[in-house]
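Please go through this structure with me in short questions and answers.

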Amino acid sequence: MNAVLQYAVQGLAAGSFYALAALGLAIIFGVLGVVNFAHGAFYMLGAVAAAVLLDTLGLTLWWALLAVPLLMFGFGVVVERLLVQWLLRLDPLYNFLLTFGLTLVLVEAVKQRYGVSGLPYKPPDVLSGRVELAGVVLPRYQLFVFLFSVAICVLVWLLMTRTRVGMIVRAATEKPELARALGINVGRWVTPVFGFGVALAGLAGVLAAPFRAITADMGNNFAIILFAVVVIGGLGSIVGAVVAGFMVGLVEAFGQAYAPTFAQILIFVLMAVIILVRPAGLFGRKEATA
Amino acid sequence: MTRSVVTEAPVTEPQSATSAGSPRLRWVLLAVGLVAALALPWFVYPPVAMDIVAMALFAIALDILLGYTGLLSFGHAAFWGSSAYVTSLIATHHGVPFPVAVVGGALFAMILALPAGYLSVRRSGIYFAMVTLAFAQMVYFIGYQWSGLTGGENGLQGVPRNFFGIELVETDSFYFYYAALPILLLGMWVAWRIVHSPFGRVLVSIRDNTQRARALGYEVEKYKVIAFVLSAGLTGLAGGVFAINHGFVALTELHWSTSGEVVLMTVLGGIGTLWGGILGAFLSVMLADYLASSGFDGIDLVTGSVFVLVVLLFRRGLWGTVRYQWLAWQQRRTSSRRTSAGADPAERGP
């Protein structure tokens, strides 16, 4: 029983992280209709940026959590203005291919600059060690990731439901035609929303820096897990991304505990089952065919 | 199938499935292509030449889905790679001539494609791309984990080239090229037959207007699954030859970057044009070979940039652009003779 609780807690901690990372992907898809293949590369850039900031300027994790998302926001704005905007009116597949090409370039560029071996990253001392709560042992850092991710998810949720910008973005994600018909200028929000999504990917990268190996390839398989997350949740749905993020975290944690060989595959099995039962995903719109 | 055949394409739709122009032009192209295929290993290092033809069939097989059915599969590495593994295992453990092993690999790819296709065609567009990608990732992990069979990260080595006891083929890549070429050309011919058959016309009609195809009584999902399985089979044929050519299989063959690579070839050449796939494969294999031999190790920087530029500026691809101009010119010519000309060949998505 205790073991089950342990895995559940670990799964929720991992899930919160997936939710945070998938959030940006879901928001970008919702508003722009872009399946951002480069999300994994942006996540990797966030982690690399954190490592470089620590190495060169001595910026600790706390500062990186602030600085890197800002940098990544700027980077996202540049990418949107330079590349993505030209294809927005075409079939979404073109943007998928564009961001795929961008991924190759970014990953290879980092490989050329920083090599293939991982960059070191040391989290602040406060976050090292373990905590024990009701018989469940959790690395202190994992607890921090959990709390931080949940806080960000709640923050984004508040932003989406309580502010004017959020209403517009929500309207644009859920009923784009209606939003346009009501005279909401969705186009104005495209660039900042893309930047915001990229910033969230970068933030996830910073969070990952202390517990994952920081390499150019770190985002590759991660991105595909995030795709599975948003497909399970329903592509256009932000709530779906968060719920599915937790689901995938739990499946992974229990999979690793009871069937370690199949842990990675289980996520995709879950996705296959969801597609069979609910083709549009858990929270997806039925008619959503892009 | 409730409806049997669609006989002929409307005259005013020159650019879709049928290859352009007069039958004579088609024969000229075919002859040039055949001569080029036969002459290739004289000008290009034979193993590289073999890669070009194998990749060309891969790109063509993908285009049956992407160009002719309107489905972007981003998981074709699953069929390419799994056939490479199965072909190599058969060739290594059973000592059969390699063409037999390759056919075994292709059959395995088709069997694998049946559930994958059944699942994927439930979604279209970008969802289809993501589902195929996820499925391929599953296959990748199986290949990675099942190291007893696949050799895990080390891959399979020492795959033999047994060819009905003819030693030259087994030792010399030059002769191997000519032994394996018929398999790949046969695959290309099958692809050509598929897209130019009544079945292929139905695929195009599904691509152009799924609702209408459904309303006409076609079971769209069934057609898509069949196209998916056929495409996977041809992909498997190419993957098997590729594996035998190299004498080993690496995990890379199952990786999504391989899926991306073949999409690039198809897009670079021009989707919906079988010749484009050949051209795209030729260019990207030659480019990779040139970069590798000149000591440049950041191939993905170039590949990725080409991808971005082609998608941004050159969506018809090389062959597609040439064909588009040719058709536009022909149409202008015929329209001056006849009273009314056909529709403007509009730009179209995959």
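Q: Which residue's side chain meets that of Arg214(B) in a salt bridge?
A: This is a predicted model, and the distance comes from its coordinates. The N to O distance of the pair is 3.1 Å, and the cut-off for a salt bridge is 4 Å. Arg214(B) is partly exposed at 38% relative accessibility. The partner is partly exposed too, with a relative accessible area of 33%, and its name is Glu221(B).

Q: How many salt bridges does the structure hold over all chains?
A: The pair Arg214(B) and Glu221(B) is one of them. Asp217(A) with Lys111(A) is another, at 3.5 Å from N to O. Over all chains, the number is five.

Q: How many residues apart in sequence are the parts that Asp217(A) and Lys111(A) tie together?
A: Asp217(A) sits in the loop between helix H8 (190-208) and H9 of chain A. Lys111(A) belongs to helix H4 of chain A. The salt bridge between their side chains therefore links parts separated in sequence by 106 residues.

Q: Is Lys111(A) buried or partly exposed?
A: Buried means under 20% relative accessible area. Lys111(A) has 23% relative accessibility, so the class is partly exposed.

Q: How many residues of chain B are in contact with chain A?
A: Contact here means heavy atoms within 4.5 Å. Chain A brings 44 residues to the interface. On the side of chain B, the count is 40.

Q: What area is buried between chain A and chain B?
A: Interface size is often given as accessible area lost when the parts come together. Here carbon and sulfur atoms give 79% of that area. In chain A, Leu93(A), Tyr94(A) and Leu97(A) lose the most, together 16% of what that side buries. The buried area is about 4,100 Å².

Q: How many salt bridges does the rule find across the interface of chain A and chain B?
A: Polar contacts between the chains come to two residue pairs, both at pLDDT 80 or more. For salt bridges across this interface, the number is zero.

Q: Which element gives the largest share of the side of chain A that touches chain B?
A: Helix H4 (92-114), helix H9 (218-233) and helix H11 (263-277) of chain A each give two or more residues to this side. By class, the side has 35 nonpolar, seven polar and two charged residues. The largest share is 14 residues, and the element is H4(A).

Q: Which residue has its backbone nitrogen 3.0 Å from a polar side-chain atom of Thr99(A)?
A: Thr99(A) is located in helix H4 of chain A. At 1% relative accessibility, Thr99(A) is buried. Beyond four places in sequence, its contacts include Val35(A), Asn36(A) and Ala38(A). The backbone nitrogen is that of Phe37(A).

Q: What distance separates the C-alpha atoms of Ala106(B) and Ala238(B)?
A: Ala106(B) is part of helix H4 (residues 98-120) of chain B and is buried at 7% relative accessibility. Beyond four places in sequence, its contacts are Ser83(B), Gly233(B), Gly236(B) and Leu237(B). Ala238(B) is 132 residues away along the chain. The C-alpha separation is 8.3 Å.

Q: Where in chain B is confidence highest among the helices, and what is the value there?
A: Chain B averages a pLDDT of 84, and 90% of the residues score at least 70. Helix H7 (residues 167-171) of chain B is lowest, at a mean of 79. The highest is helix H11 (residues 220-246) of chain B, at 94.

Q: How many contacts beyond four places in sequence does the model have for residues 340-350 of chain B?
A: The pLDDT is below 50 over residues 1-19 of chain B. It also stays under 50 over residues 340-350 of chain B. Where pLDDT is low, predicted coordinates should not be read in detail. For residues 340-350 of chain B, the contact count is 23.

Definitions and conventions: Residues numbered from 1 in each chain as written. Chains lettered and ligands numbered in written order. Heavy atoms only, no water. Buried area = accessible area lost by both parts, 1.4 Å probe. Polar contact = N/O pair within 3.5 Å; in protein donor to acceptor, adjacent residues only side chain to side chain. Helix = DSSP H or I, 4+ residues; strand = E, 2+ residues; numbered from the N terminus. Nonpolar A, V, L, I, M, F, W, Y, C, P; charged D, E, K, R; others polar. pLDDT = per-residue confidence, 0-100. Buried < 20%, exposed > 50% of the residue type's maximum accessible area, 1.4 Å probe, protein only.
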